[in-house]
Amino acid sequence: MSETRSSVYAEAVLAIARAEDALGAVPDELFRFAGALEGHDELREKLGDPHIPAALRQQIVQDLMGDRATKASVAVITMLVGAGRVGDIAKIAHEVAAAAASSRGEQIAEVRSAVALTDDQQARLAAALTARTQRPVTVRNIVDPAVLGGVVTTIGDAVLDGSVRTRLTQLRDAF
Amino acid sequence: MLSTIALLASEEGAHHPNGYWLPGDLKEVLWGTLAFVIVFGLLWWKAGPALKKAMAGRTERIGDHMSAAATQRTEAEAERDRIKAALADSDTEAARIVEDARQTADALHTELEARAEADAVALRERGVADIEAAQRQALANLTAEVSRLALGAAERVVHHNLDDASQQALIEQYISQVGAAN
């Protein structure tokens, strides 16, 4: 998907969220769905399989999300799956979250960790990042087993890498 | 002419009727002689210059031919001398050519030896360099393979030893570092 097309989809999602008065929930739920999708290859393949009827794939989304998300978020994700944009959901979610945060004067920090951060840890990390960047930061935690341990934070163009994976890679490169 | 007349007279013999060795009629002799002289004089006067001119021309041509022959002879002698000299020098020339050939062969031999030696040295150096490069490459490959295996082993060890407490400790350490960097 091109940059322009993902931006158009992100604007569409934001428009739906505004129309449904769910601008606070949709970006967060879409981001969490994207993170979950990234950690489940089989689910990603099923939802992106063009040989499976779109209605069936959308039904899978509705069954999975059920009451765990707002109707607006389910509608948005169902629309993206039906449009065959499963592979671009992460990018769209990131743009939506960034746009929503920007509209609130905040910035998004994508935090990848091998295990989920607790709410307290996310709050403390957000505070630390806010102090560091001098701008309010909203933390979006993605569970990524490839990190092995530690945390990798991407905020804007900056990457704060404290992952075990990177330490091992540095160790290998040192040979 | 008188000798001719006397000769004729002797052939006729001294048996002429008048008893002289000349013909009997002396007038006839005188007129004949006179006519002969006149004819001879006319011939000498008219044909003499042409005859002299022809003789002179012939003499001149003969002289020219003789001069040309002398020139050709001189040239032939010069050529003969030159050939003799050349023949005399041919042995020296042959010896010089042989010597030149020998020197050329020696120089070529020396050059080929030097080139072969240089080629051998270069080949030996290249072989040594190739071996060293192969050794370095093998060492690098081995190092990379060892590091890859070590990394894989380390990943497995880390993965098995990273329990929840360790994960939480790493996260807390990270948050502390981010906060401390401010």
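What pattern does chain A follow when read along the sequence? The order is α-α-α-α-α-α-β-α-β-β-β-α. That makes eight helices and four strands in chain A. The model shown here is predicted.

Start with chain A as a whole. Chain A has 175 residues, and buried residues make up 43% of them. Its accessible surface comes to about 8,800 Å². Carbon and sulfur atoms hold 52% of that surface. Now look at contacts in chain A between residues at least 6 apart in sequence. Of these, 64% join residues at least 24 apart.

Next, turn to the meeting of the two chains. The size of an interface is often given as the accessible area lost when the parts come together. Here, chain B and chain A bury about 2,100 Å² between them. Carbon and sulfur atoms account for 67% of that buried area. On the chain B side, 20 residues take part in contacts; on the chain A side, 27 residues do.

Polar links join the chains as well. Six residue pairs are in polar contact between chain B and chain A, with both residues at pLDDT 80 or more. The count of salt bridges between the two chains is one. A:Arg124 and B:Glu172 form a salt bridge through their side chains, at 2.6 Å from N to O. Which elements of chain B each supply at least two residues of the side that touches chain A? They are α2 and α3, the latter spanning 164–180. The largest share comes from α3(B), with 10 residues.

A:Gln121 sits in helix α7 of chain A, which covers residues 119–133. Is A:Gln121 buried or exposed? A:Gln121 counts as buried because its relative accessibility is 3%, and the cut-off for buried is under 20%. Leave aside its neighbours within four places in sequence. A:Gln121 then touches A:Ala116 in its own chain, along with B:Gln168, B:Ile171, B:Glu172 and B:Ile175 from chain B. B:Glu172 is also the salt-bridge partner of A:Arg124.

Finally, move to the surface of chain B. B:Trp31, B:Leu34, B:Ile38, B:Leu42 and B:Trp45 form a nonpolar patch there. Together they have about 590 Å² of accessible area. B:Ile38, one of the five, lies in helix α2 of chain B, residues 26–161. B:Ile38 has a relative accessible area of 47%, so this residue is partly exposed.

Technical notes:
Residues numbered from 1 in each chain as written. Chains lettered and ligands numbered in written order. Predicted model: local features only at pLDDT ≥ 70, side-chain atom pairs only at ≥ 80, totals over all residues. Heavy atoms only, no water. Patch = residues over 30% accessible without salt bridge, like charges linked within 9 Å, V, L, I, M, F, W, Y side chains within 5 Å. Areas by Shrake-Rupley, 256 points an atom, 1.4 Å probe, with all protein chains shown as cover. Salt bridge = Lys/Arg side-chain N within 4 Å of Asp/Glu carboxyl O. Buried < 20%, exposed > 50% of the residue type's maximum accessible area, 1.4 Å probe, protein only. Contact = heavy atoms within 4.5 Å. Buried area = accessible area lost by both parts, 1.4 Å probe. Polar contact = N/O pair within 3.5 Å; in protein donor to acceptor, adjacent residues only side chain to side chain.
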